[in-house]
Amino acid sequence: MKPARAVILGAAGRDFHNFNTVFRDDPSCVVVAFTAAQIPGIAGRRYPPGLAGERYPDGIPIHAEDELPALIARERVGWVFLAYSDLAHEEVMHKASIALAAGASFALLGPDATMLKASVPVLSVCAVRTGAGKSPLSRHIVRWLAGRGHRVVVVRHPMPYGDLEAQAVQRFARYEDLDAAHATIEEREDYEPHLEQGVVVFAGVDYGRVLEAAQREADVIVWDGGNNDFPFFRPDLHVVVLDAHRPGHELAYHPGETNLRMADVLVVSKVDSAPAENVERVIANARRTRPEAPVLLAALEVGVDEPLRIAGRRVVVVEDGPTLTHGGMAFGAGTVAARRYGAAEVVDARPFAVGAVAEAFRSFPHLQGEVPAVGYGERQVADLEATLNAVPA
């Protein structure tokens with residue numbers, strides 16, 4: 001039989017991992033292309049030969065996802081594999097319908113096919129939606145483990161938006177490591193708090209090699225998940241965060257519902273700021289769907305360094321980009337802090353946005369004026385800077 005021809009729908013993360021673990025050395029399948037979504041600037045590149053392996057001497061092209069029907073026809077594609085996260089279930093089926101209408105089969109790869117087995121215990125912290133509160137919980141768990149004498153390292157879900165070969169295995173122990181790697185704003189937001197706790201962070205593109213490096217330095221690995229994806233490593237304890245501000249989302253998004261149904265422990269976050277009826281609805285959905293898992297309630301305390309600088313002032317809020325964009329949140333912790341510490345006004349940044357920031361507001365009309373921290377390259381950082389300097393705050 002001739003090898004099957006496949007396209008992997010991705011967003012520069014799980015797509016590369018699925019290729020590396022399942023397809024790279026499988027002669028029964030040829031991956032003719034990746035597609036890109038969610039993150040600006042990742043289409044138009046190639047997955048490099050040094051990562052793609054000897055079966056792909058020219059690497060693999062990465063196209064915009066809206067090219068999928070043309071790709072299926074031009075490349076005689078038989079299979080389309082979805083490999084990214086934070087998608088409404090309905091949106092998943094729209095993508096499936098596009099593939100099926102073009103004549104291809106549509107598939108998802110599951111945990112047994114894609115999880116790597118570590119030689120040390122793995123504790124994973126994942127979520128049902130982006131922005132649910134994974135990172136604070138991950139840091140709490142790391143402190144708890146380190147306080148009991150464990151050598152802990154953190155492995156982060158991938159964010160490889162630069163030179164993919166250079167980013168194959170990344171180790172961050174100091175701020176200088178972030179500078180050397182030209183880390184984006186999104187990466188710094190996630191990595192710096194761990195570094196401040198004295199914890200080494202690993203990330204990259206080839207997670208087989210990442211795992212080898214991480215387990216040499218640790219007797220426990222904490223998988224600090226991204227979006228609402230499930231882990232790349234097989235966890236010994238799988239902790240899943242649910243968001244009390246988004247009741248019902250735990251059953252409505254891919255692969256967040258997968259995380260919910262796999263969870264060993266469920267943590268309902270933000271119970272201190274969400275309406276009581278939202279909290280109760282999330283708890284009911286959790287207990288009905290995953291009755292075997294204990295359900296814990298967690299406040300998500302929002303604090304700032306200098307609260308007196310907020311009181312009575314007009315403020316502009318810059319928030320974690322993915323939480324606001326494909327995470328679907330209209331506002332985040334910054335607005336909560338502005339209200340809590342007495343800001344006179346949260347200024348709507350939309351009229352002052354330029355470049356990539358203005359494009360984000362157009363692409364995600366649910367946003368209410370918080371600035372998503374788009375900072376994936378120098379041009380976007382410049383657009384962010386120009387927007388903030390223009391806002392009268």
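Colleague: In which strand is the place of S124?
Modeller: This is a predicted model, so local features need pLDDT of at least 70 and side-chain atom pairs count only at pLDDT 80 or more, while totals for chains, interfaces and linings use all residues. Residues are numbered from 1 along each chain as its sequence is written, and side-chain values use heavy atoms, with hydrogens and water left out. Helices (H or I, at least four residues) and strands (E, at least two) are DSSP runs numbered from the N terminus. On that basis, the run of residues 122-127 that holds S124 is strand β8.

Colleague: Does S124 count as buried or exposed?
Modeller: The classes rest on relative accessible area, with buried meaning under 20%, exposed over 50% and partly exposed in between (1.4 Å probe, protein chains only). Because its relative accessibility is 0%, S124 counts as buried.

Colleague: Which residues does S124 touch, not counting residues up to four places away in sequence?
Modeller: A contact here means heavy atoms within 4.5 Å. With those sequence neighbours set aside, S124 touches W223, P231, P235, L237, H238 and V239.

Colleague: Which residue in β13 is the bridge partner of A127?
Modeller: Two strands pair if DSSP finds at least two bridges between them, and β8 and β13, which run parallel, are joined by five. Strand β13 (residues 237-243) has six of its seven residues buried, so it is largely enclosed by the rest of the structure. Within β13, A127 has as its bridge partner V241.

Colleague: Which residue in β15 does V241 stand opposite?
Modeller: Strand β13 is also joined by five bridges to strand β15 (residues 265-269), and these two run parallel. In β15, the residue opposite V241 is V267.

Colleague: At roughly what angle do the axes of helix α14 and helix α15 cross?
Modeller: Two packed helices are described by the angle between their axes and the distance between the axes. Axes are lines fitted to C-alpha atoms, for helices over the stretch in contact, and angles run from 0 to 180 degrees between N-to-C directions. For α14 (residues 355-363) and α15 (residues 378-390), the axes come within 6 Å and cross at roughly 85°.

Colleague: How are α14 and α15 therefore placed relative to each other?
Modeller: Angles under 35 degrees count as roughly parallel, over 145 as roughly antiparallel, 65 to 115 as roughly perpendicular and the rest as oblique. The two helices, α14 and α15, are therefore roughly perpendicular.

Colleague: How many salt bridges does the structure hold?
Modeller: Side chains of opposite charge can pair when their charged atoms come close. A salt bridge is counted when a side-chain nitrogen of Lys or Arg lies within 4 Å of a carboxyl oxygen of Asp or Glu. By that criterion, the number of salt bridges in the structure is 24.

Colleague: Which residues are linked with R5 in a network of salt bridges?
Modeller: The side chains of E75 and R5 meet in a salt bridge (3.1 Å, N to O). E75 lies in the loop between α3 (68-74) and β5 (79-82) and R5 in strand β1 (residues 4-9), so this pair ties together parts that are 70 residues apart in sequence. In the network, the residues linked with R5 are R74 and E75.

Colleague: How far apart are the closest N and O atoms of K95 and E65?
Modeller: K95 and E65 are both buried. In their salt bridge, the closest N and O atoms are apart by 2.5 Å.
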